There are 2 protein chains.
Amino acid sequence: MGGSHTMQDLHTTKGGKSVVFRGDGEPRTIQTFLGNLNDFSATQTLEDDNFSIGGLVEQLEQTIARILKKPAAIFMPTGTLANHLAIRKHATPYGRVAVQEQSHLYNDTGDSLARLSGINLVPLGKEKPSFSLEELRKAYETSTTGRVFNPISVVSIETPVRRQHGQTVPWQELQILTEFCREHNLPVHLDGARIFMQAAVEGQTVHQYAQLFDSVYISLYKYFGAPFGGVLAGESSFIDGLYHDRRMFGSGLAHSSMIAALALHGINEFEPTFHAAIEKAHLLFADLNALAHLNVDAFEHGSNIFTLTVSEDLNLEKIAQHLKAIDIFIYPEPGTQIAYLHINSTILRQTNVEITKAFIDAIELSFVP
Amino acid sequence: MGGSHTMQDLHTTKGGKSVVFRGDGEPRTIQTFLGNLNDFSATQTLEDDNFSIGGLVEQLEQTIARILKKPAAIFMPTGTLANHLAIRKHATPYGRVAVQEQSHLYNDTGDSLARLSGINLVPLGKEKPSFSLEELRKAYETSTTGRVFNPISVVSIETPVRRQHGQTVPWQELQILTEFCREHNLPVHLDGARIFMQAAVEGQTVHQYAQLFDSVYISLYKYFGAPFGGVLAGESSFIDGLYHDRRMFGSGLAHSSMIAALALHGINEFEPTFHAAIEKAHLLFADLNALAHLNVDAFEHGSNIFTLTVSEDLNLEKIAQHLKAIDIFIYPEPGTQIAYLHINSTILRQTNVEITKAFIDAIELSFVP
């Protein structure tokens with residue numbers, strides 16, 4: 001069953017036996033946060049911040065800056081704000097940003113860049129994880145010809161793309177797109193909420209991605225164990241003074257050190273754990289694919305999401321119920337034979353033998369009459 | 001020394017002996033937050049929220065709504081955002097808001113209402129805690145005569161006013177100003193970050209203030225023990241859907257239940273404790289005013305801030321140093337004979353006899369040579 005037995009055993013009992021094929025990290029509950037805070041306080045100094053400046057917040061900012069090899073970083077309560085303030089600052093004084101049509105920025109922010117900062121969002125790569133160099137070049141050139149001069153002045157790239165089942169903009173593509181930006185003096189921002197996963201899957205380090213971009217947002221809560229928040233990193237001249245904008249937008253939290261403590265507690269654990277989880281998942285899916293009646297498939301340029309498809313003679317909802325009885329959680333897409341399996345550290349809580357046996361038993365009990 | 005001996009004794013040991021004449025509540029540290037969270041979890045169910053919706057967050061919102069006797073309420077990470085979103089919604093579709101020239105909104109938000117929401121801030125009551133009915137009437141009438149119609153469409157009142165040493169807009173004034181608003185169909189918003197203190201000082205209940213206003217923001221961190229945040233309350237039709245705006249501004253925190261837990265933990269304790277603290281302060285200041293060489297004076301319509309003035313033959317910095325040695329903290333205004341004494345629950349940690357003796361001893365050692 002592969003080389004991750006030690007890690008598996010380490011994690012079998014932590015947080016119970018529940019293997020949850022949804023989400024990018026451990027399920028987040030206030031009980032877990034409190035336990036981790038108590039763990040953290042047992043060994044670390046609890047240094048206070050003042051309106052999210054200094055203390056553990058600064059320690060976290062410096063930690064992230066170091067990992068990304070960027071000179072400076074600032075805590076933000078949400079990725080929505082981190083992306084917004086980065087693009088707002090890059091775009092000055094002109095106002096268009098090129099984004100993926102499938103990005104969080106284009107779909108899940110209420111067009112805040114347009115409505116609050118007067119920056120038009122130009123969507124590229126319709127219904128695809130990313131856009132091509134040609135699309136970007138054409139959009140940029142068109143944008144420079146307007147009778148009122150307001151060209152694309154910043155480019156944002158999200159990767160992995162959550163709305164496209166975690167598919168990534170692969171490393172080679174990122175190099176090509178960001179090179180165009182540099183050639184045309186266009187600042188380029190990375191919405192890297194889940195970039196640590198992409199780095200693990202592509203066998204790179206996160207700072208290799210970061211160095212392609214002028215600014216980088218990373219999430220603190222998707223898999224580092226904070227209840228919310230992110231960090232925006234970039235040049236010192238870019239980050240300096242952004243705490244004023246953070247406050248203007250209503251996010252100058254009076255005391256964020258608890259949040260920073262939880263992120264600092266989880267950040268070192270992520271990389272080895274996630275590597276072990278992905279490695280274990282590949283072995284597990286090979287075992288499952290050896291069974292009749294089901295298939296587990298990877299996405300092209302996927303990260304941690306896989307497609308489980310069962311044959312028409314099986315009731316997938318019933319399979320899910322049987323698995324749940326032994327603490328394995330899958331989430332069928334209603335009315336289909338499909339469930340998306342998200343790999344996270346909970347896969348380490350049961351052995352592949354146990355999980356495979358659970359699937360075999362569940363299948364046997366779930367044939368359509 | 002008055003009728004609050006039991007409360008005094010109760011509080012003498014909690015948080016040590018430090019009497020801190022600054023701030024509106026107990027000093028906020030991550031260590032205190034963690035202790036209170038553990039206390040809370042020992043007796044209460046830790047119900048999770050989902051992006052600040054449901055769970056303990058909803059429980060907190062309902063608690064505040066009930067206290068203010070408003071139909072609905074929503075959690076906000078900062079008062080800056082609570083005030084902004086309230087006024088933004090009231091102002092639609094016209095864009096001017098009348099505010100105090102000394103308000104937090106006019107001085108400490110980077111003009112976010114103007115810059116992010118296109119709402120002009122009209123400052124009234126220059127260098128005073130509030131503005132008169134006449135000023136408001138005149139500003140409103142002038143605003144309705146513009147060649148492009150964009151009148152004052154909402155009024156905001158902050159009370160107590162932090163930049164005016166916590167002086168309040170007194171109850172009678174609030175009645176007069178809000179009546180004008182109702183007559184002219186102008187929504188009126190209360191920036192009541194510290195309204196619980198005003199209610200205690202004026203011997204009213206907070207819902208009496210709340211009923212004068214269409215919307216009310218109250219702080220969770222100034223004296224309820226949360227690390228940050230506030231709640232905005234109003235009619236259901238007003239609060240409904242505001243979570244979309246909260247998210248658009250970048251404040252849709254993924255998990256806020258820890259914050260809600262800390263506020264719920266502190267909220268019931270505030271009223272009796274603050275009453276006892278104010279009562280004890282009045283007795284203490286009477287004792288101190290019986291001494292030579294110093295005076296403690298109240299502000300007109302003050303809330304919890306008083307002015308300590310020492311005579312020219314005393315070195316106030318030296319007095320502060322001597323007091324500090326026995327865990328009493330005052331903060332002289334540099335280059336003056338004045339220190340502002342903020343009353344909060346820490347005054348309950350030493351008896352008035354102890355505090356008065358400390359002042360007597362400190363004075364004796366601090367004469368200018």
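A residue counts as buried when its relative accessible area is under 20%. This briefing applies that term to a helix of chain B and then turns to a sheet of chain A in a predicted model.

**Helix α9 of chain B**

- Helix α9 of chain B covers residues 195–202, and six of its eight residues are buried, so the helix is largely enclosed by the rest of the structure.
- The buried residues are B:I195, B:F196, B:M197, B:Q198, B:A199 and B:A200.
- These buried residues pack against several helices of chain B, namely α3 (55–68), α8 (171–183), α10 (206–210) and α13 (257–289).
- They also pack against two strands of chain B, β6 (188–191) and β7 (215–219).
- After α9(B) comes B:G203, which has a positive phi, near 70°.

**Open sheet of chain A**

- Strands of a sheet pair through backbone hydrogen bonds, either parallel or antiparallel.
- In chain A, three strands make an open sheet in the order β9-β10-β12, with antiparallel pairing.
- The edges are β9 (294–298) and β12 (338–342) of chain A; each has a single partner strand, so one side of each lacks a neighbour in the sheet.
- From one strand to the next, the twist averages 25°.

**Pairing of β10 and β12 in chain A**

- Strand β10 of chain A, residues 305–310, runs antiparallel to β12(A) and is joined to it by five bridges.
- Opposite A:T307 stands A:Y340, a residue of β12(A).

**Helix across the sheet**

- Helix α13 of chain A, residues 257–289, lies across β9, β10 and β12 of chain A.
- The helix runs at about 145° to β9(A).

Key
Residues numbered from 1 in each chain as written. Chains lettered and ligands numbered in written order. Predicted model: local features only at pLDDT ≥ 70, side-chain atom pairs only at ≥ 80, totals over all residues. Heavy atoms only, no water. Buried < 20%, exposed > 50% of the residue type's maximum accessible area, 1.4 Å probe, protein only. Helix = DSSP H or I, 4+ residues; strand = E, 2+ residues; numbered from the N terminus. Contact = heavy atoms within 4.5 Å. Pairing = 2+ DSSP bridges. Axes fitted to C-alpha atoms, helices over the stretch in contact; angles between N-to-C directions.
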